[in-house]
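Subject: Structure for your review, with notes

Dear colleague,

I am handing over the structure below, together with my notes on what was found in it. Please read the notes with the coordinates open beside them.

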Amino acid sequence: MFQIYDYKEIVTPLFEDKDLFVRSIGQTSDIVEKQMLALAGQRQEEQEGKTSNLVLRPEGTAPIVRSYIQNHLDKKENLSKFFYIGPMFRGERPQKGRLRQFHQIGAEAIGPGSASPYLDAEMVILCTDLLKTLGLNGFEVTINTLGTGDDKKNFSSILRGKLEPRVKDLCPDCRQRIERNVFRVLDCKNNDCQDVVRQISVGYDHLAPESRDYYEQFKSILSDSGIAFVESPRLVRGLDYYTHTVFEISSPSLGSQDALGAGGRYNNLVSQLGGTPADAVGFALGMERLLLARPGIKIPAVSLAVFFIALDKLSFQYAFNLLNQLRARSIKADICYEMGSLKSQMRIANKKQAEYVIILGENELKNKTATVKNMASSQQITLPLDAPALEQFISRQGKREP
Ligand code: AMP
């Protein structure tokens, strides 16, 4: 799926300097305040006069931005499109849907001048496409916009003005959040806080006309692309780095921890972390949540096109050579290394759901042919014993790895 959308894989270390997350997600976010898991016994090293303080990574975006900056990727391509799959760590109280080690699958698109509502829409489309491919249905896409950094400042003071008269109705944490990071009151799971948040009016007065325009374009692109969504001006996300578009995908079947994933645009993060300014947008899905929403989920794999069966040592030598040649031509192929009877090797081919079996034995070598069996129809044909002929036949059936 990621290949179809032209995203390439990026792998970052499992630990990073704590400072990276403080500077990106924000000092007052739940993750930084309460959930960082520090590495015990780390060697304290002074680098550029600073002592490093390593933590297990709680999320994927900040490490990817760090890598983007350190590797000068802005000089190498206009728009870098990455996907990642890997473990994340947060020191939370373990409960259903909230683990201390969980896995995220996500994507990021980073590049100078790449802020486009079409790219934001691509992220939502990719994310929902992925969910549908995994067999998940009935999820809900909620969207909102936070506007630019300045719009966010306006929004903070408007919110503060509305919440201050209700301060006594808020939980102790939120009483402090009003001053320190008022957006987090909107995210608070406490029932009293949610009541207050429901009662105050939250609109789009804080947005500059360009931000409004950007958001309107994003919404109409989503509609034109057939993506159903609901709009919630109260969706702010708990991390500091978001600007403009934010979105969340939830599954009503999950109960209180109903978010399958979330994402948004973060145009200021690259420069905030010391890079040349670059716009960016991304999302992350929680894999364990996907499994809760659809137990037994299977990642669709490209099926095995060819399984070689060799009936004696010399045939195996030939088969192994052909196997390598087909693989070099991007055809997904395998061989049975345990040279049992034809019947037992056929059983393995069946288990592997191979589409074609190529059988080589004494007769085939003598006649310089290969017996090719279509496993679905059980039809058998004889082809010349050479890779181009086999490749041509298999490719004609459309069995080449993308
Ligand atoms: P976040 O990075 O907090 O926006 O999380 C993105 C997605 O990761 C969430 O929507 C969840 O699906 C998943 N997720 C976040 N934290 C946890 C956790 N502690 N355990 C399991 N999944 C999580």
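This is a predicted model: local features need pLDDT of at least 70, side-chain atom pairs count only at pLDDT 80 or more; totals for chains, interfaces and linings use all residues.

Cores

The largest nonpolar core is made up of 50 residues, and those with the most contacts inside it are F21, V65, Y68, I110 and L159. Helix α3, which covers residues 61-70, gives the most to this core, contributing five residues. As a general background, nonpolar side chains tend to be buried together in soluble globular proteins.

For I110, if neighbours within four places in sequence are left aside, the contacts are I64, V65, Y68, N78, L79, S80, F82, Y266, V270, A278, D279 and A280. Among these partners of I110 are V65 and Y68, which are also listed with the most contacts inside the largest nonpolar core.

A helix pair

Helix α5 (residues 117-133) packs with helix α10 (residues 209-224) at an angle of about 45°, and their axes are 9 Å apart. Because of that angle, α5 counts as oblique to α10, and the crossing of the two helices is right-handed. On the α5 side the residues that meet the partner are P117, Y118, D120, A121 and V124, while α10 brings Y214, Q217, F218, I221 and L222. Sorted by class, the contact of α5 with α10 has eight nonpolar residues, one polar and one charged.

Helix α16 spans residues 387-396, and its buried residues are A387, A389, L390, E391, F393 and I394. The elements that cover these buried residues of α16 include the strands β13 (306-310), β15 (356-360), β16 (369-374) and β17 (380-384), as well as the helix α13 (313-328).

Not counting residues up to four places away in sequence, K81 touches Y5, D6, Y7, K8, E108, A109 and E122. The C-alpha atoms of K81 and N350, which are 269 residues apart along the chain, are separated by 38 Å.

Q35 is placed in helix α2, residues 30-35, and is likewise buried, with a relative accessible area of 10%. Leaving aside neighbours within four places in sequence, Q35 is in contact with D30, F89, R90, G91 and E92.

Positive phi values

Which residues other than glycine have a positive phi? One of them is S330, where phi is near 65°; S330 lies in the loop between α13 and β14 (333-335) and is partly exposed, with a relative accessible area of 37%. Another is S378, with a positive phi of about 65° although S378 is not a glycine; the place of S378 is in the loop between β16 and β17, and S378 is partly exposed, with a relative accessible area of 45%.

With best regards

How values were computed:
Residues are numbered from 1 along each chain as its sequence is written. Side-chain values use heavy atoms; hydrogens and water are left out. A nonpolar core is a set of buried Ala, Val, Leu, Ile, Met, Phe, Trp, Tyr and Cys residues joined through side-chain atoms within 4.5 Å. Buried means under 20% relative accessible area, exposed over 50%, partly exposed in between (1.4 Å probe, protein chains only). Helices (H or I, at least four residues) and strands (E, at least two) are DSSP runs, numbered from the N terminus. Contact means heavy atoms within 4.5 Å. Axes are lines fitted to C-alpha atoms, for helices over the stretch in contact, and angles run from 0 to 180 degrees between N-to-C directions. Angles under 35 degrees count as roughly parallel, over 145 as roughly antiparallel, 65 to 115 as roughly perpendicular and the rest as oblique. A crossing is left-handed if the near helix is turned anticlockwise from the far one by less than a right angle, and right-handed if clockwise. Ala, Val, Leu, Ile, Met, Phe, Trp, Tyr, Cys and Pro count as nonpolar, Asp, Glu, Lys and Arg as charged, and the others, Gly among them, as polar.
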